[in-house]
Amino acid sequence: MARRILIVLGLVFVGLVLAVVTGWGALVLFYLSPGPEPARKAFAWGFALLGLATIVALAVRRIRRPTFVAYAVALVLVLIAWNMATPRNDRDWQPDVAVLPYATIKGDLVTVHNIRNFDYRTETDFTPAYYDRTFDLRRLDRVDLLSVYWMGPAIAHLFVSFGFGDDHLAVSIEVRKTRSKEYSTVAGFFRQFELVYVVGDERDVIRLRTNYRKSPPEEVYMFRTVAPIENGRRVFLDY
C-alpha cells in the first residue's frame, strides 16, 4: 500500500514538473520560434497539446514511452529556439537609447563618451544632447544608490551614481526599446528585449524621473553607500 502511494505521489510530481516545463516551452516557441505570429502560435499550441498528452500518458503505460520520446524531441527544439535568441545592435531604437556610451581608460583617467544629457520638455518630447568627460578615479569620493518606485513598495528600479567632487555620473541598466515593439513584462522573460547601460548626467537620468514622468508618477530615493571607496572605484571600472 505504501509503495503504491509513493508511486502515485511520484507520478503527480512528474506531472507538475511537466506542466511547468510545458508552459515555459510553449511561451518560448511563441516568442522565439521563427516565422509570422500565426506559425508561432501553432508551434506553441502544438507543444502545449503534446505536453498535455505526455501528462495523460503517465497514467497509461502502453503509450507512455512513445509519448515521452516525442516530448523529449520537441523539448530539444524548444531549447534550440531558446539558445538561438541573441542580442543585436542594429534595430530601430527609440531615440533615448539609440546612442551607446563607451569608455576609454588610460591609467587612472577614464574618458566616458556619449554621456546622455537631454533637454526635456515632457517625457517623450526632448532635445537629444551628449557630451564626453574624463574622470579621475583618484577623485571618486562617493557612490549613491538610487531606488525608483512607480507601482508601490514591492517593485523598484535601482541604479547608481558616482561622485567625483562636483561631477556626477549616473548609470542605469534598462531595457533597450525599439520604436515598433511595445514593452511587455512577460515577453521580457523570453529574451525579447536587449539591455542597455544608460550613462547619463544626473540632470537627465534623475530629473527625468522626478520631474517629467507622470503616468504613473515615480518616487525617487537616494542612499549614500558606506562601503570603502576602493570598492566604489572597482565598481565604477566594472560598469
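Does phenylalanine 236 count as buried or exposed, and what is its relative accessibility? In this predicted model, phenylalanine 236 has a relative accessibility of 7% and therefore counts as buried, since buried means under 20%. The views below begin with this residue and then turn to other parts of the structure.

**View A. Phenylalanine 135 and phenylalanine 236 form an edge-to-face pair.** The structure holds 18 aromatic pairs, and in the one shown here the ring centres of phenylalanine 135 and phenylalanine 236 lie 6.4 Å apart with their planes at 70°, so the pair is edge-to-face. The pair links distant parts of the chain, because phenylalanine 135 belongs to strand β5 (residues 130-136) and phenylalanine 236 to helix α6 (residues 229-238), 101 residues apart. Phenylalanine 135 has a relative accessibility of 2%, and it therefore counts as buried.

**View B. Phenylalanine 164 also pairs with phenylalanine 236.** The rings of these two residues are 5.3 Å apart from centre to centre, with 70° between the planes, and this aromatic pair is edge-to-face. Phenylalanine 164 lies in strand β7 while phenylalanine 236 lies in helix α6, so the pair ties together parts that are 72 residues apart in sequence. Phenylalanine 164, with a relative accessible area of 2%, is buried. Ring pairs link Phe135, Phe164 and Phe236 into a cluster that also includes Phe162, Tyr197 and Tyr239.

**View C. Strand β6 is joined by bridges to strand β7 and to strand β10.** Strand β6 (residues 142-149) is mostly covered, with 6 of its 8 residues buried. To strand β7 (residues 156-164) it is joined by 8 bridges, and the two strands run antiparallel, with serine 147 standing opposite leucine 158 in β7. The hairpin of β6 and β7 has 6 residues between the strands, and in this hairpin glycine 152 takes a positive phi near 90°. Strand β10 (residues 219-224) is joined to β6 by 6 bridges, and these strands also run antiparallel; here the bridge partner of leucine 146 is methionine 222 in β10.

**View D. Helix α2 packs with helix α3.** Helix α2 (residues 37-57) and helix α3 (residues 61-84) pack at an angle of about 150°, and their axes are 9 Å apart, while α2 passes α3 in a left-handed crossing. Among the residues that meet are Phe47, Leu50 and Ala53 in α2, and Phe68, Tyr71 and Leu75 in α3. By class, the contact of α2 with α3 has 11 nonpolar, 3 polar and 2 charged residues.

Conventions:
Residues are numbered from 1 along each chain as its sequence is written. This is a predicted model: local features need pLDDT of at least 70, side-chain atom pairs count only at pLDDT 80 or more; totals for chains, interfaces and linings use all residues. Side-chain values use heavy atoms; hydrogens and water are left out. Axes are lines fitted to C-alpha atoms, for helices over the stretch in contact, and angles run from 0 to 180 degrees between N-to-C directions. Helices (H or I, at least four residues) and strands (E, at least two) are DSSP runs, numbered from the N terminus. A crossing is left-handed if the near helix is turned anticlockwise from the far one by less than a right angle, and right-handed if clockwise. Contact means heavy atoms within 4.5 Å. Ala, Val, Leu, Ile, Met, Phe, Trp, Tyr, Cys and Pro count as nonpolar, Asp, Glu, Lys and Arg as charged, and the others, Gly among them, as polar. Buried means under 20% relative accessible area, exposed over 50%, partly exposed in between (1.4 Å probe, protein chains only). Two strands pair if DSSP finds at least two bridges between them. Rings of Phe, Tyr and Trp (its six-membered ring) pair if their centres lie within 6.5 Å; planes under 30 degrees apart count as stacked, over 60 as edge-to-face and the rest as tilted.
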